[in-house]
Amino acid sequence: GSGRRAAPPEAALGPRLLPSAPRALAAAGRGGAFFLILLGLTVLAGWVLDVTTLKGVSPSWATMKPNTALSFLLLGVALLLRTPRGEGGRRTGADVAAALLLAAAAATLAEYASGRELGIDELLFADPATTGAPAGRMALATCLHFLLLGFAVVLLDVRGRRLGRPSEWLAILVALSSMVALLGYAYGVRALYAIPVYGSVAFHTTLAFLVASACVLMARAERGVLRIALQDGPAGTAIRRLVPLAFVLPPVLGWLRIQGER
């Protein structure tokens, strides 16, 4: 008769999450954003100092182009300002960084589509070595990944009724594509990370895309696909133990088999 509503039962609120897990993943996401910023600065320093190891890890592998390094710097800044949820100036700064990233990726994609040079590929540094694509231009796959991740940052807090969070689908797509390229390097199959005319994806570029995809997923872990892994129960425990093995064990066994055959 007091007019108060009874509190819903605990089961109606959904499975309880591990108390510190969302904060820990958000901190890991910020660490990943710092890694992207540091990687971009390191590769740009490699171009300034002409250090091959910083540009391409190995002399026989593709180099990370200056525009790619600058794009990772912008992506890291955008993710850092959006993790946790940025308000006011932080949100504006993240949107500006994401807009610049999308503009660079769209301009490069326009170059591939039109066959014309816009003068942006060697704007920062001259590129004496090419791997199929025009000098200084990021690979087509790299360009597409930046487009997807740029939109993922912009749509980070958007949720649809049917498809859920579009930012997570974009990040997962980039992660799966990057895993294929990473397996190409591990197995020595160049066709998995290089396309004639459209360039090669550098090794550390592939790793950086995996980190960026993870950052997007961890930014809103308590409300996204990672939520089930954060549950304090049998389902969450099983996923935390089995999913890492599902991603790591098959590639390792495949690599061991190839080495044995060789």
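Reply: **The nonpolar interior and its helices**

From the N terminus on, the order of elements in the protein is α-α-α-α-α-α-β-β-α-α, that is, eight helices and two strands. Helices (H or I, at least four residues) and strands (E, at least two) are DSSP runs, numbered from the N terminus. The model is predicted, so local features need pLDDT of at least 70 and side-chain atom pairs count only at pLDDT 80 or more, while totals for chains, interfaces and linings use all residues. Residues are numbered from 1 along each chain as its sequence is written, and side-chain values use heavy atoms, with hydrogens and water left out.

Of the 262 residues in the protein, 40% are buried, where buried means under 20% relative accessible area, exposed over 50% and partly exposed in between (1.4 Å probe, protein chains only). Among contacts (heavy atoms within 4.5 Å) with a separation of 6 or more, 69% join residues 24 or more positions apart.

A nonpolar core is a set of buried Ala, Val, Leu, Ile, Met, Phe, Trp, Tyr and Cys residues joined through side-chain atoms within 4.5 Å. The largest such core has 40 residues, and F72, L75, L79 and F146 have the most contacts inside it. Two or more residues of this core come from each of α1 (21-49), α3, α4 (89-114), α5, α6 and α7. Helix α3 gives the largest share, eight residues. Apart from this core lies another, of five residues, including A181, Y185, Y193 and A194.

Helix α3 (residues 66-82) has 17 residues and reaches 25 Å from its first C-alpha to its last, close to the expected 24 Å; the expected span is 1.5 Å times one less than the number of residues. Helix α3 is mostly covered, with 14 of its 17 residues buried. Leaving aside residues up to four places away in sequence, F72 touches L36, I37, M64, F146, T205, A208 and F209.

Helix α6 (residues 166-187) has 22 residues and reaches 32 Å between its first and last C-alpha, close to the 32 Å expected. Its buried residues include L170, A171, V174, A175, A181 and Y185, and also S167, E168 and S178. The buried residues of α6 pack against α5 (140-154), α7 (203-219) and α8 (234-261). Just after α6, G188 takes a positive phi of about 75°.
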